[in-house]
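Subject: Structure handover

Hello,

Here is the structure you were going to take over. My notes on it follow below.

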Amino acid sequence: MSREKQQAYQARVFCQAIVQVSLLLGVWLFGPAAGLLVAQTDLPVGNALQEAIDFGQARMVKVIGAGAGRVEGYGTGMIVSPDGLILTSQGVFLDGQQTRVILADGSTHEATVLRRDREVQLALLKIEQATPEYFELSSQPVGEQGDWVVALNNAFKVADKQEPVSVMLGVIALRTAMEARLNERDVAYRGNLVLIDAITSNPGAAGGAVLTLDKRLVGVVGKIINSSETNTRLNYAVPVETVAAFVAGKSKEQEAAVTPTVVRGDLGIRIMELGGRKDPAYIDRVTRGGPAEQAGLKADDLIVSVGGEKIGTVRDYLQVAERLEAGQEVIIVVKRGLELLRLPVIPVEKKESP
Amino acid sequence: MNTELRPCCRRLLMCCGICLLLQILSFSGTAQEISPEDWNRVKAAESQRLDAIRLVEGSVVAIYDFGRQGGGSGVVIDASGIAVTNHHVIMGAGVKGMAGLADGQLYEWDLIGTDPGGDVAIIQLKGKSEFPRSRLADSETVRVGDWALAMGNPFVLTEDQSPTVTLGIVSGVKRFQEGAGQNQLVYGNCIQVDSSINPGNSGGPLFNLSGRVIGINGRGSFLDRGRVNVGLGYAISSNQIKNFLPDLLATKLVEHGTLDANFSDQGGRVVCSTINETSAVAEAGLELGDELLEFESETIESANQFMNLICTLPVGWPATLKVRKSDDSIREITVRLLGLPYAKPGKPPTPKENPKPEERQQLELQQAMYDLLAAEPGAIRLPEVNRHYAKHYLGRMQGWYKAKLGQQTRNLGLTIEDRVLRQGEEVGRCISRLDPTGAVRVEYRPGDGPVEEYLFDGQRFAIRRDGQWKEMTATEAKLSPLLLQAMAMASIQTAEPFARFGEVSLDGGDKALGRPAIRFKSLDPDEDWFYFWINLYDQNSNEAESLVQISADKDCDGKGRGVTFNDWQPHSGWLVAAQRVVVQGLAKQPEMQLQIESATPLTDPSSDWANINALIQEGQR
Amino acid sequence: MRLMQRCQPHWSRLSFWVVNATILVFSCLAARQLPAQEPSDAERLTAMVLTSKAFRVAAAKIQPALVTIESFGGVSAVQGKIGGIRQQGEGNTTGVMISPDGYIITSTFNFIKRPPVITVITSDGQRRVAQLLGRDDTRKICLLKIDGVQGMPVPELVSPTDVVVGQWAISVGVGFGDANAAISAGIVSAKNRIGGKAIQTDANISPACYGGPLIDLEGRLIGICVPLNPQSQAIGAGVEWYDSGIGFAIPLVGAESLIERLKAGERIQPAFLGVQGAPDPQGKGLLLNQVSPGTAAAAAGLKAEDVLVSVNGEPTKDLMSLRSILGRFEAGKELEVELIPKGESEAKKIQLVLGAPPADPNQSQLEPPKIR
């Protein structure tokens, strides 16, 4: 064969190869796309949540206690140890003589209340029964904003005896610290919360489990409380690291006992209180020679924030002023006219009135 | 060698190069971004939901009363415009009203039938020959954690009649929600979801990602925030609706079924704890203390489970129980359920002298509502309408027949040769000849005993035993299962199936071949009746309106027994049921089985074999 | 070998076409007849986990345009209602920067208390005093302005025509009091709600995000979250549906002229006619049975037992259709109305100027009381 013909032949083979490979590539790339079609049958095909739900349901319990008036006598709980420790939410329903726990298999067991914490609103129960399937409690936060979670809970006591509790789906909305209460008479919840967008704020749901899709416990469904920020019901879980500390027996009181005493600070500001505690915090006058005057604050300034905390009302100011430490500088933001001023102030030691 | 190696090397190099390129392309992006491949997976999963919504949205109905006030929802399940909604929606709207569809148009609707006990009603949309419709799923396949989409008209928000769509998951299955009033609005074996269900969603569809309706939304648990969704909604399961559809189509006010006996949990067993001694189930052998093992073929593990199941069944349903008696023996009992009565309405509306035009319409509607609630439960309220639906579903059966035959055309008759078996043993042979006109001739050759022959020429019946042809009355013919089975297969491909036995009406709902069926009733001028049953759905929950059973007796009792038909196969332009069984009694005990040996076209074009006159005269000679 | 070389050109050409034709046919068949493959559980799980990631990325994308609004002082209702609600939350609220020079859109709900002082914290952490400019009571949105800024990040907008019912929609808001915004994931439930003004979603919409953005998976702004209830015009109407799966967002695409009016300080009020009625038995229209005194209907001379045939050329068969027509207009709009006066048989056309809802002493002005 001549040289030219050889080259022509090689060129042709080269082109053939390109075409063949690109066709194979086309099949490889577009083939899978053809597989994502809408199914035409009703054969049970499972779902993404199956594993997490099955894992969770085996570890959920129903807690039956004492009802009192409008307050329900039931709640949800979860198994947190292999020897029968049950975590549930703190509530009036545990105050009665008899507290019973129904396991996922429908068996009923007497439960004793080991301890309760009114601040994080958790309670620990014990049943005399081996419980090999239990939730492990991480001492580190679990789950981030946007993660899907399933909330297993027995809201409205829909599930009876061995019927599985209800499952709701949502995402983690926000991790935050908050103080919120159901009404003025209730003890406020104080601490970290994992806000979720599934509606868990329902009677009987507290004590339920919030899980990620890969079966890790995010927290325990909290009691019905109202946020004073939005005047709406909060859907949240008490975070697993708080639960772990509670179950392990560490309490906030113990921790608080360790903190040293502080010297309270005084800013030298008299707040305008004539309108009431819900009014904005206008400065009535500044003490002559006091820290506020030295920093440049004036009468009629509107206090906007102290140490980064927004001061919306006189009450907010008084609460924050209580916690000031003498000698510790705080940044105060005031509104004067249309301007905002940031002024550092160092409180002096607060003198008790004679 | 050189010239052959180089192309190979080039190809190899190119493949490697392309593979490398692909690796680089699919490299995942940083945490702040999503790689194109991951993005496609997210969008593909979302598309499945969008496709399901497109499939269903055309069939979602916004239901109003005639003044276009109030609001509920519904879903069209038959292209002729039959839609399902809640009983409490039509209680609010009336027996007629207006409806909006996603096409933005308004249509009038009429009530067909209603079931206050389970809160299901069906209505007929008017104004179009064909409506978009949705298919019912098999609600037994629904699992906790499945996506659940709801569509409807919460808070009457729609202005262009487009439905509201909400997304959630199935939170629980086989849930129970107590009713209100006397035996009304009970939600048993229902589906619990966290998809947002609000007032106005009632009657609308709950559907899965395949676009099939798994339930009808109707209730929610409401907190002291008022009637606003808090994450717990309840839907009547689609399988329960299938059980009630035939009675509703028959235009009845339907009652729910009861055994008149109750069970409770005792020490891990489900035991009969109360029983009415005069009830059918007591007469059939159920006693206090009997342990319930199975109900309707489901293994029973708790009393709640039994209670949930029975909530899904209408009055008259032939329910089966398997119990363990006190002597440890196992017993199967089948009885038709009794009805759970409703409270009758108070006084009828007082008629007015010279009512104003707008008042007249109001009074008419009030009277119609009174008539509905005062109706005798189980009675066919609107016979004309009933016959319309009887014809409609007979037409569906013919459509199924044609579809199953496919392209096969038929010119000739068919000869079927069956082995006849009793308890697995062959006892004889049966040869059936079917003619396109509907005429049949059946020859039964028992292993021991004389040959029996039956004949039907389209009008008259004849029998030959011991050599002589004698004419048979229709009544006698209805008691001959071998003749009937051939006649049924020939009749259903004619223009008017079973017309020979009289005018057809929709008798109601029943169970046949283990599935919900429409029971049709033919009444001839002599007041002699005949029944045949059609399934609406097959075992895969697909629509397949096939003939499944015939009998002269509603319970397949008596001399006529019943014949069941299953596994329809095409043969030479005919559909033949490969499984035909002669059954006895409510429990459908098999007595005789016909097993096809061969099915061949009838090549003899003359139909002399069906000329009864000639044969009888011949016999008399 | 030489023989093969001579024959090969024919063979190779033939085999070339045969092989490639086979591949082509095979791939076409595979694409068409591949049975509907259900994704496996693992694939579904992966898709969901990736969707979470998409939510985070989308939220991060809108975050620079998010502002926190702080209000100081104002009226609060303890005994009665103000703005239609008994008690407003005490916390911060949310807004969205819509222009680089400092115009911010938020919801009128956030100022029910009529706070005399409003400050805004932008995503760079800076706090500034804000002025309240115009408001649209039909959409429950209003405009704030902060001064002395330029180059502020603004969101990418998506047009309602490109929004698909059933697609993901995420609400974002700072109302829970944390410096970071909270999100809620839902879907677009419907378009063209509330007189065509709002997109409906089942994501959690509440005071936590009123005034804040509803975004799509790409992080683009679908609309501003607001409380709405077609039954009432009170500022707070619709808050009773918070977190119920019924929520609304006002799209900003197509609202450019509206924004200009808000910049000029205009107050846009809903249209109000002032009639009650029921469908005419003869099907001619809406038979009026009540015309409230002092309203636009009374001023135009409408009376009880008149039959309203059409408004703006659209037939008014029942009260619902009248409401939905009026829902698309504002107070002050002049329209043509067709009616059959009582006792007559001929329809006649008149011009009518739509009024505003009757003044509510509590909410007649959002203007703050004089400040020091």
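A residue is called buried here if 20 or more other C-beta atoms lie within 10 Å of its own. Please keep in mind that this is a predicted model.

By that cut-off, helix H6 of chain B (residues 303-310) has these buried residues: Asn304(B), Gln305(B), Phe306(B), Asn308(B) and Ile310(B). The cover over the buried residues of H6(B) includes strands E8 (164-177), E9 (187-193), E13 (256-258) and E16 (291-295) of chain B, together with E14 and E15 of that chain.

E14(B) and E15(B) also pair with each other. Strand E14 of chain B (residues 261-266) runs antiparallel to strand E15 of chain B (residues 269-275), and 6 bridges join them. Within this pair, Ser264(B) is set opposite Val271(B). The two strands form a hairpin with 2 residues between them, and Gly267(B) in the turn has a positive phi of about 55°.

On domains: the assignment for chain B gives domain 1 (54-249), domain 2 (256-340) and domain 3 (383-620). Between domain 1 and domain 2 of chain B, the C-alpha centres are 31 Å apart. Their contact takes 14 residues from domain 1 of chain B and 10 residues from domain 2 of chain B. On the domain 1 side, E8, E9 and helix H4 (238-249) of chain B each supply at least two residues, and H4(B) gives the most, with 5 residues. That side divides into 3 nonpolar, 9 polar and 2 charged residues.

Between chains, 33 residues of chain C are in contact with 31 residues of chain B. Elements of chain C that each supply at least two residues to this side are helix H2 (41-62), strand E8 (182-193), strand E14 (275-279) and helix H5 (319-326). H2(C) provides the largest share, 8 residues. By class, the chain C side has 17 nonpolar, 11 polar and 5 charged residues.

Last, the cores. The largest nonpolar core has 311 residues, and those with the most contacts inside it are Val150(A), Ile196(A), Ile104(C) and Ile170(C). A second, separate core has 26 residues, among them Tyr282(A), Leu302(A), Val306(A) and Ile332(A). Leaving aside neighbours within four places in sequence, the contacts of Ile196(A) include Val149(A), Ala151(A), Val171(A), Ile172(A), Val210(A) and Tyr236(A). Asn235(A) and Gly170(A) are also in contact with Ile196(A).

Regards

Notes
Residues are numbered from 1 along each chain as its sequence is written. Chains are lettered from A and ligands numbered from 1 in the order in which they are written. This is a predicted model: local features need pLDDT of at least 70, side-chain atom pairs count only at pLDDT 80 or more; totals for chains, interfaces and linings use all residues. Two strands pair if DSSP finds at least two bridges between them. Helices (H or I, at least four residues) and strands (E, at least two) are DSSP runs, numbered from the N terminus. A residue is buried if 20 or more other C-beta atoms lie within 10 Å of its own, exposed if 12 or fewer, and partly exposed in between; C-beta atoms are placed from the backbone. Two residues are in contact if their C-beta atoms, placed from the backbone, lie within 7 Å. A nonpolar core is a set of buried Ala, Val, Leu, Ile, Met, Phe, Trp, Tyr and Cys residues joined through C-beta atoms within 7 Å. Domain bounds come from an automatic or database domain assignment. Ala, Val, Leu, Ile, Met, Phe, Trp, Tyr, Cys and Pro count as nonpolar, Asp, Glu, Lys and Arg as charged, and the others, Gly among them, as polar.
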